[in-house]
Amino acid sequence: MKRAAGALAVVLACLLPLATLAQTVPEPSGYRMDEFRAPVPETLAGGFVVDTAQAKALWHAGIGFVDVMPRDEKPANLPEGTLWIDKPRRSIPGAIWVPNVGYGKIHPDRAAYFLAALERASGGDRAAPVLIFCRDDCWMSWNAARRAILDHGFTRVFWYPEGTDGWAWEDLPLEKIELFEHPG
């Protein structure tokens with residue numbers, strides 16, 4: 001019994017620094033450039049961080065939700081005749097899916113695509129609230145939320161770091177969504 005208690009104490013002592021580390025991820029001065037599936041900060045300078053209950057309330061209030069989950073692109077050098085099947089995205093109902101806008105550096109065309117989606121989600125009002133998400137522990141959504149604030153001038157950006165993982169965990173609805181079609 002004493003040995004088991006000692007082993008438990010050792011395990012807890014090892015986990016404590018990991019838990020502390022996960023809770024103290026600092027915001028970078030710029031964008032996260034790699035290792036996007038990792039613990040994220042608890043803050044977003046200039047924005048609002050929300051949990052699942054708050055995200056659900058914002059969803060019921062009808063604010064625009066923007067899903068930035070990456071999407072695999074069809075390889076340019078895929079041999080002719082090879083079947084390519086896109087993986088469907090199950091997301092929060094009503095969300096606008098704009099993949100691949102959360103990388104640390106994006107092409108100007110991709111930035112314009114993201115801006116068009118933000119404009120759609122906000123009704124063209126950069127002071128209107130928008131909520132940005134991806135999956136749990138995904139820097140793509142943090143980068144995208146930061147980009148909405150810094151690069152595009154949106155002033156009421158809500159970041160939902162738990163994303164569809166947290167949403168599903170609470171048994172909230174998910175549905176298959178399609179890619180946002182850029183109007184231009």
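**Sheet architecture and aromatic contacts**

In the predicted model, five strands are arranged as an open sheet whose order is β1-β6-β5-β2-β4, with parallel pairing. Strands β1 and β4 form the edges of this sheet, each of them pairing on one side only. Within the sheet, strand β5, which comprises residues 130–133, runs parallel to strand β6, comprising residues 157–160, and the two are joined by four bridges. Phe-133 has Tyr-160 as its bridge partner in β6. Helix α3 packs on the sheet, where it touches β2 (64–67), β4 and β5, and the direction of α3 makes an angle of about 135° with that of β5.

The two bridge partners Phe-133 and Tyr-160 also belong to one aromatic cluster, which they form together with Trp-59, Phe-65 and Trp-167.

Aromatic contacts were then considered pair by pair. A pair of aromatic rings is described by the distance of the centres and the angle of the planes. The structure holds eight aromatic pairs. One of them is formed by Phe-36 and Tyr-103, whose rings lie 5.4 Å apart centre to centre with 80° between the planes, an edge-to-face arrangement. This pair links distant parts of the chain, since Phe-36 lies in the loop between α1 (2–23) and β1 (48–49), whereas Tyr-103 lies in the loop between β4 (96–97) and α3 (108–122), 67 residues apart. With a relative accessible area of 15%, Phe-36 falls under the 20% cut-off and is therefore classed as buried. Tyr-103, by contrast, has a relative accessible area of 32% and is therefore classed as partly exposed.

A further edge-to-face pair is formed by Trp-139 and Trp-142, with 5.3 Å centre to centre and 70° between the planes. Trp-139 and Trp-142 are separated by about one helical turn, because they stand three residues apart in helix α4, which spans residues 139–150. Trp-139 is buried, having a relative accessible area of 1%, and Trp-142 likewise counts as buried, with a relative accessibility of 0%.

Helix α4, residues 139–150, is also the setting of a contact between a charge and a ring: the charged end of Arg-147 sits over the ring of Tyr-31, at 4.4 Å from the centre of that ring.

Technical notes: Residues are numbered from 1 along each chain as its sequence is written. This is a predicted model: local features need pLDDT of at least 70, side-chain atom pairs count only at pLDDT 80 or more; totals for chains, interfaces and linings use all residues. Side-chain values use heavy atoms; hydrogens and water are left out. Rings of Phe, Tyr and Trp (its six-membered ring) pair if their centres lie within 6.5 Å; planes under 30 degrees apart count as stacked, over 60 as edge-to-face and the rest as tilted. Buried means under 20% relative accessible area, exposed over 50%, partly exposed in between (1.4 Å probe, protein chains only). A charge sits over a ring if NZ of Lys or CZ of Arg is within 6 Å of the ring centre and within 35 degrees of the ring normal. Two strands pair if DSSP finds at least two bridges between them. Contact means heavy atoms within 4.5 Å. Axes are lines fitted to C-alpha atoms, for helices over the stretch in contact, and angles run from 0 to 180 degrees between N-to-C directions.
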